Protein chains: 2
Amino acid sequence: MSKEITPRQQDYAQWYNDLIIKSGLADYSAVRGCMVIKPYGFALWERMRDELDRMFKDTGHQNAYFPLFIPKSFLSREAAHVEGFAKECAVVTHYRLKNDPGGAGVIVDPEAKLEEELIVRPTSETIIWNAYKDWIKSYRDLPLLINQWANVVRWEMRTRLFLRTSEFLWQEGHTAHATAPEAEAEARQMLAVYADFAERYMALPVVRGVKSPAERFAGAVDTYCIEALMQDGKALQAGTSHFLGQNFAKAFDVQFLTRENKLEHVWATSWGVSTRLVGALVMAHSDDEGLVLPPLLAPLQVVIVPIWKGAEQKALIDAKADEISAELKKAGIRVKYDDSDNVRPGWKFAEYEMKGVPVRIALGARDLEQNVAEVARRDTREKMSLSLDNLAARIKDLLDDIQQQIYRAASTYREEHITPADDFDTFRKILDEKGGFVSAHWDGTAETETRIKELTKATIRCIPLDNPPEEGKCILSGKPSRERVLFARAY
Amino acid sequence: MSKEITPRQQDYAQWYNDLIIKSGLADYSAVRGCMVIKPYGFALWERMRDELDRMFKDTGHQNAYFPLFIPKSFLSREAAHVEGFAKECAVVTHYRLKNDPGGAGVIVDPEAKLEEELIVRPTSETIIWNAYKDWIKSYRDLPLLINQWANVVRWEMRTRLFLRTSEFLWQEGHTAHATAPEAEAEARQMLAVYADFAERYMALPVVRGVKSPAERFAGAVDTYCIEALMQDGKALQAGTSHFLGQNFAKAFDVQFLTRENKLEHVWATSWGVSTRLVGALVMAHSDDEGLVLPPLLAPLQVVIVPIWKGAEQKALIDAKADEISAELKKAGIRVKYDDSDNVRPGWKFAEYEMKGVPVRIALGARDLEQNVAEVARRDTREKMSLSLDNLAARIKDLLDDIQQQIYRAASTYREEHITPADDFDTFRKILDEKGGFVSAHWDGTAETETRIKELTKATIRCIPLDNPPEEGKCILSGKPSRERVLFARAY
């Protein structure tokens with residue numbers, strides 16, 4: 001593997017693309033806007049998915065599966081929803097191909113036209129709430145706590161590997177509740193689950209907040225979000241959780257008999273994270289040498305590389321490496337011994353740096369004599385000589401330390417990039433020169449929000465949940481404001 | 001839950017549908033031919049998927065993910081392949097909806113027509129081999145052992161829950177090898193994995209065989225299969241593994257440099273099982289009272305039902321039930337204590353019989369005094385009184401016994417339903433009166449195979465892998481034959 005990736009300082013976007021391709025996470029595909037998630041990238045996503053799935057189940061959710069296709073008319077039932085999604089839908093119009101009588105190969109059979117076109121799901125609220133109508137009759141059927149792992153399609157014009165693709169993998173939770181406060185609590189609980197996952201597993205500090213009305217999900221009463229900061233100072237929405245009020249229950253007429261025998265519409269939430277998280281993980285921590293992966297998610301945590309001359313040395317090192325591998329595996333560490341003989345150790349070092357393997361153990365004949373190994377950590381690129389006695393415990397501690405150090409580095413960067421601004425010139429200057437979140441007063445109107453976006457390309461990322469009240473004046477309009485909100489340019 | 005399901009004897013097809021719906025495995029959806037997999041059905045599929053995934057990884061496979069969409073032209077590259085799939089493809093022709101200027105709601109935007117139509121994948125050989133062209137350069141890149149868990153769409157005209165749906169979930173393995181024998185060995189290895197899974201986990205005896213040319217996968221050189229027998233005497237293909245030769249490598253021009261530095265086309269396999277397995281599981285074991293699930297796959301293995309009068313008794317039973325639950329959970333048993341107070345114990349008994357929970361423990365005040373519980377097994381519906389001492393170990397043994405007993409019952413039925421026939425009248429009589437597999441001589445021609453199908457609706461399910469050679473005469477044509485093959489009517 002060549003190490004030629006564009007440095008971040010030179011072209012951050014190109015660095016990101018180079019890295020995704022050369023580390024083997026994903027590849028472009030023959031279908032516009034769709035990517036192939038390669039085995040290394042999928043292993044990373046699997047680890048994320050499995051942890052999230054466990055967290056969802058621990059909070060009482062069950063998985064189910066709903067159809068890929070949605071009848072076109074369903075989308076129109078909720079007014080804001082159709083407005084938000086109609087313009088980016090893949091539409092199935094026919095169900096058969098046939099040989100062209102003119103001999104041009106296979107064509108779409110005009111006789112196989114669907115009576116009603118089907119949309120490839122961009123999100124599943126409509127098809128799911130149509131099913132919930134049959135499932136929910138009484139308060140005893142509530143709460144209904146369901147999650148789905150699925151592929152969805154949103155026809156994006158500008159795509160980027162993992163961050164924005166026409167098809168992506170995600171999970172979408174869809175819950176139904178007897179009361180508004182219960183649904184609100186669910187939406188907030190799932191935001192907390194996402195934040196916990198981002199910080200503990202992805203080592204990614206996030207701001208928990210609520211979206212401004214203009215940035216809400218199409219059909220939501222409130223959209224909660226977690227916002228992360230990338231190394232180029234741009235923000236990235238890493239997950240959202242929506243309180244949907246009774247919008248979808250009314251659109252699909254889902255009512256239940258209360259304990260008091262009254263018929264009422266159900267209250268709803270939906271919440272999702274996607275393969276976009278893989279992109280966020282890469283952008284937040286990696287460097288010019290390649291990926292930096294938090295040990296808790298790294299498909300491979302430790303690689304052992306032998307350094308030998310001649311078969312005799314090799315046999316000794318092989319034996320020791322097998323011993324160490326077994327010891328590490330027993331301690332629950334994901335380890336690989338790479339004794340391939342077609343490339344040199346230096347090439348392997350570069351390869352595993354590129355792949356972001358947290359710990360590399362180099363094992364040479366002299367090391368063995370001294371009962372030590374050269375251990376290198378990927379995050380800080382420090383090297384140390386460690387005794388082979390009780391190595392598993394030391395490596396376990398090292399992996400813990402790496403996990404924490406990656407989080408600390410991202411937190412420090414983030415803290416340094418939340419900057420207050422009290423006037424528009426300062427606001428713009430911070431965005432242009434420093435990047436990151438700008439904490440500023442806003443008059444609460446969509447007009448001002450739009451105008452700021454036009455002038456600076458910055459959007460309101462969120463109103464933080466733990467925001468202290470503070471009297472002030474909108475940086476653009478000068479009108480009164482009661483709290484600061486976080487602006488940023490964003491992915 | 002009402003127990004009104006149609007008895008098998010009265011209408012087997014209706015029994016199956018009633019059972020799927022009333023046990024809460026799945027439901028019809030608003031989209032023709034697509035179903036909703038409900039939480040209980042999905043939990044069952046998840047257990048199957050997780051076991052299979054582990055088996056695939058243990059045999060060296062990695063997961064990846066390829067696009068949902070396939071450019072129409074890709075399908076035509078392999079002649080047999082397009083022939084097999086073109087007639088049942090969902091076709092995406094547009095990527096946007098818009099408001100109808102006439103006010104009729106949302107319509108497909110005619111200006112958003114795709115240059116080349118996209119097929120929703122019916123299977124992924126073409127899009128995957130198009131990617132492999134970039135991935136495979138040298139013998140060092142081989143074997144490439146990849147699996148994908150995905151949804152696929154085949155536009156079926158007659159659909160049945162789980163058994164045949166327009167969209168279904170499955171896994172598809174796609175491997176690339178340097179030589180034909182390696183690829184052949186892979187195809188056979190994966191068949192062995194499927195057979196092992198079916199027999200050990202699903203408690204479903206299967207015949208391992210190879211398909212006749214007419215029944216091969218579109219584009220395969222050889223199709224291996226496992227065939228199971230349902231309780232109505234019809235066969236069901238439960239999994240297939242294909243040796244694809246160099247067909248797809250040639251269609252997508254995937255060549256590699258051999259060790260000897262020669263350029264050669266790659267050899268391929270593909271193999272898959274789907275949510276159809278859930279249908280097979282249900283049909284093979286269940287009875288007129290509901291599902292019978294093998295303990296290794298049952299989402300819930302044990303349910304504890306309290307029988308009480310008054311709060312004092314309830315408190316005592318609650319305490320004991322919590323103790324037993326904890327003990328069983330510690331032993332790795334999936335257990336639920338159902339102390340809901342809105343239905344009577346008898347209703348719960350029927351409910352959990354319907355859901356196929358392998359073991360039911362009824363706990364009453366008198367039982368507690370005697371330190372026993374009434375334990376009922378779902379498969380044979382036997383009841384026994386078990387001491388509460390060391391209950392987890394007894395339940396574990398019982399679950400093992402149930403797993404084996406379900407397998408034995410299905411094996412006995414299967415053995416009784418493999419019948420030899422040496423002339424056509426007997427052949428037809430067995431199919432009509434007894435069902436099951438009929439072992440008969442066939443002259444090896446597609447003409448005879450087609451004619452037998454027209455006359456009897458029976459197809460060649462497979463030529464068993466362990467078939468003994470036996471000279472004989474074709475039951476239809478009287479021409480010479482060297483081995484018997486298995487015929488059956490099939491799902």
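The following legends describe close-up views of a predicted model with chains A and B.

**View 1. The contact between chain B and chain A.** Each chain takes part in this contact with a counted set of residues: 61 residues come from chain B and 61 residues from chain A. The area buried between chain B and chain A is about 5,100 Å², and carbon and sulfur atoms give 68% of that area. On the side of chain B, the residues that lose the most area to chain A are Tyr65(B), Tyr95(B) and Leu97(B). Together, Tyr65(B), Tyr95(B) and Leu97(B) account for 13% of what that side buries.

**View 2. Polar contacts and salt bridges between the chains.** Between chain B and chain A there are 28 residue pairs in polar contact, counted where both residues have pLDDT 80 or more. The side of chain B that touches chain A has, by class, 39 nonpolar, nine polar and 13 charged residues. Two salt bridges are counted between chain B and chain A. A salt bridge joins the side chains of Glu46(B) and Lys57(A), with an N to O distance of 3.2 Å.

View 3. Within chain B, strand 4 pairs with strand 8 (residues 113–120) in the antiparallel sense, over three bridges. In this pair, Pro71(B) stands opposite Leu118(B) in strand 8 of chain B.

View 4. In chain A, Leu142(A) and Pro143(A) are joined by a cis peptide bond with omega of about -10 degrees. Pro143(A) is placed in the loop between helix 5 (125–135) and strand 9 (144–153) of chain A. In chain B, a cis peptide bond joins Leu142(B) and Pro143(B), with omega of about -5 degrees. The loop that holds Pro143(B) runs between helix 5 (125–135) and strand 9 (144–153) of chain B.

**View 5. The backbone at Asn371(B).** Asn371(B) lies in the loop between helix 11 (365–369) and strand 20 (372–377) of chain B. Although Asn371(B) is not a glycine, this residue has a positive phi of about 55 degrees.

**View 6. An open sheet of 11 strands in chain A.** The strand order of this sheet is 3-9-10-16-13-12-11-24-27-23-22, and the pairing is mixed. Strand 3 (62–63) and strand 22 (418–420) of chain A are at the edges with a single partner strand each, so one side of each has no neighbour in the sheet. Strand 12 (residues 222–229) and strand 13 (residues 235–245) of chain A run antiparallel and are joined by eight bridges. The bridge partner of Ala228(A) is Leu236(A) in strand 13 of chain A.

**View 7. Helix 13 of chain A across the sheet.** Helix 13 (residues 424–433) of chain A lies across strand 22, strand 23 (437–441) and strand 27 (484–488) of chain A. The helix runs at about 170 degrees to strand 23 of chain A.

Conventions: Residues numbered from 1 in each chain as written. Chains lettered and ligands numbered in written order. Predicted model: local features only at pLDDT ≥ 70, side-chain atom pairs only at ≥ 80, totals over all residues. Heavy atoms only, no water. Contact = heavy atoms within 4.5 Å. Buried area = accessible area lost by both parts, 1.4 Å probe. Salt bridge = Lys/Arg side-chain N within 4 Å of Asp/Glu carboxyl O. Polar contact = N/O pair within 3.5 Å; in protein donor to acceptor, adjacent residues only side chain to side chain. Nonpolar A, V, L, I, M, F, W, Y, C, P; charged D, E, K, R; others polar. Pairing = 2+ DSSP bridges. Helix = DSSP H or I, 4+ residues; strand = E, 2+ residues; numbered from the N terminus. Axes fitted to C-alpha atoms, helices over the stretch in contact; angles between N-to-C directions.
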